[in-house]
Amino acid sequence: MAAPLLQTQDLSMHFGGVRAVRHVNFSLAEGELRCLIGPNGAGKSTFFKMLTGQLEPTHGQVLFRGKDISHAHAHDIARLGIGIKTQVPSVFDGLSVRENIWLAANRLHSGDEARRVVDEMLQRVGLANGAERLVGQLAHGQRQWVELGLVLATDPELILLDEPAAGMTHEEVNKTAELVREINRTKALIVVEHDMQFIRMIAKQVTVFNQGSVLVEDTVENIMRNPKVRDIYLGKQAAA
Amino acid sequence: MNARWLNLVGLGLVGAVGIAFLVLVPRVFELDVVLELTVYMIMAILALSLALIWGYGGILCFGQSAFFGLGAYTYAIAMFNVGESTLPLLLAVIVPAAFAALLGYFMFYGRISDVYLGVITLTVTLILFNSVNSTAGPEFHIGSARLGGFNGIPGIPPLNFPGNKAAPIDLEGMFYLATAALLATYFGLRLLLASRFGRIIVGIRENERRAELLGYDPRAYKLATFTIGGALAGFAGCLFANWGNFVSPTIFGLAQSAQIIIWVIVGGRGTLIGPIVGCIGIQWLTTALGANQPSGGSDLWAKIFANAPLIFGIILIAFVLLVPKGLVPTLGDIGQSLLASRGKGAKRLQPKRAEES
């Protein structure tokens, strides 16, 4: 088997006495699409922050293509090829949609080439109409698309999506699932999501986080049937 | 494109007004007015330095006067030692820039938060004020230049034409130089802000974390911005030392520091023309108030109007509460909404560009 694209070894993050992530050993193959589920506070977002250099792990390692990036700066990790769409859209609110995408595209392209990439990306995420609008004035769903456009325009090898379908309409969720599958043709993804419908549309393999550790890793079908998972997580939804 | 077209018209307008001002003022006004306008031009360059750092870079520097004062002192000290102004002029830009780079390195790479950045820069300028203030004795000198402590350095030789010591620039020449320098600074900054670098620093101002996650190192960009701002302030300081042939430690003082911030707040952050307008307006007001000294008596109003800091305080509070965006952006908004209502709202508002004027 080929070496994994991303691997964590004994990865842990403590905030004072709170052990947000504990001894996580995680591995993702090249081109894989993995879903991460777990109740609120399970450590999924903290895990993402360690992968992208926003938090320095208390101990353990993150290896990207075999290179230790546990203590690298966020901007260096971005340049190595990990992109993230955060839970609350993190975009440039005071700038136009076009300027937002340009800021991402500019890192790899310049001049006319950058402009071409921006136009292409605006088409791809469906924001070509209204590209001159301020991002701060857009609806939540559209801001999610802008952020996805930003991430894609930097052409990363691995894309982390933190709740990409949150706050989206049913139609937008379908569109997002379609886009995620399309992205997965060329790139690896890790997707944090609560919406099981969405997960069934996109994933094969699912990792379940609970209380900072990996509870179980299995196919979507088995996870749905796993009584432990139902207890800690899905039970809430089934009851609701 | 409409926005681009408006942008060009704005640029052309600024250029035309600037050149008309440059050509006409010395022909129309007496020398005392020209002299007064010269210092407005110099201060406007200082205002632009903070407009870049704070308005576009998002770095609240409360001690912009540190670089201004360093520029003035560097020029004065170098001039007494060298005698020919080319090298002192260069040093007056390089020394403050290097100082800004050093200070900025510790602040940005030390990940100091925004509020502390303000505190540190203010403290630095006050330390400079106190240090220079206490160098009155003859033992404090650099080469043949005495620092003079609280008395300042009088009789600073003026700039001369490059390489020719015998051809100093006269008062009218200073006006041309200061005005041309202001125009060059304005257009230079417009170019900078339209460049890759300028667009990235605005992105960092808007969302530093996002910029980082896209692969930009905000520390490096902020440091570069801060250094450019330091260089510009130093250059303004050099012109200022020339203008009055005098420099004293009050240049580092709290009043001077606060004033630069007020110019930018009144004129409008995130614009270049705003801080110029704010600076000239406030400077004009200072002069007008200063001329209106109470002539004895107990006329309360006359006393209040002669108290410039009080008036500035009121202006600052009024702007922060009522016109928080500053003059120029607010006027722009009003203009846009007028246009929109005339077009029956059919036309979508043009969003602001990062490098709008």
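Which residue in S2(A) is the bridge partner of A:Met13? I looked it up, and the partner is A:Val21.

I noted the ground rules first. I am working on a predicted model, where local features need pLDDT of at least 70, side-chain atom pairs count only at pLDDT 80 or more, and totals for chains, interfaces and linings use all residues. Residues are numbered from 1 along each chain as its sequence is written, and chains are lettered from A and ligands numbered from 1 in the order in which they are written.

**Sheet, chain A.** I traced an open sheet of 4 strands, ordered S2-S1-S4-S5, with antiparallel pairing. Strands pair if DSSP finds at least two bridges between them. Helices (H or I, at least four residues) and strands (E, at least two) are DSSP runs, numbered from the N terminus. S2 (18-28) and S5 (67-68) of chain A are the edge strands, each pairing on one side only. I found 7 bridges between S1 (residues 6-15) of chain A and S2(A).

**Domains, chain A.** I read domain 1 as 1-81 + 158-168 + 187-240 and domain 2 as 89-155; such bounds come from an automatic or database domain assignment. Their C-alpha centres lie 26 Å apart. I found 5 residues of domain 1 in contact with 5 residues of domain 2. Contact needs C-beta atoms, placed from the backbone, within 7 Å.

**Chain contact.** I checked chain B against chain A: 16 residues come from chain B and 23 from chain A. On the chain B side, helix H7 (196-206) and helix H8 (208-213) each give two or more residues. H7(B) gives the largest share, 5 residues.

Terms used
Two residues are in contact if their C-beta atoms, placed from the backbone, lie within 7 Å.
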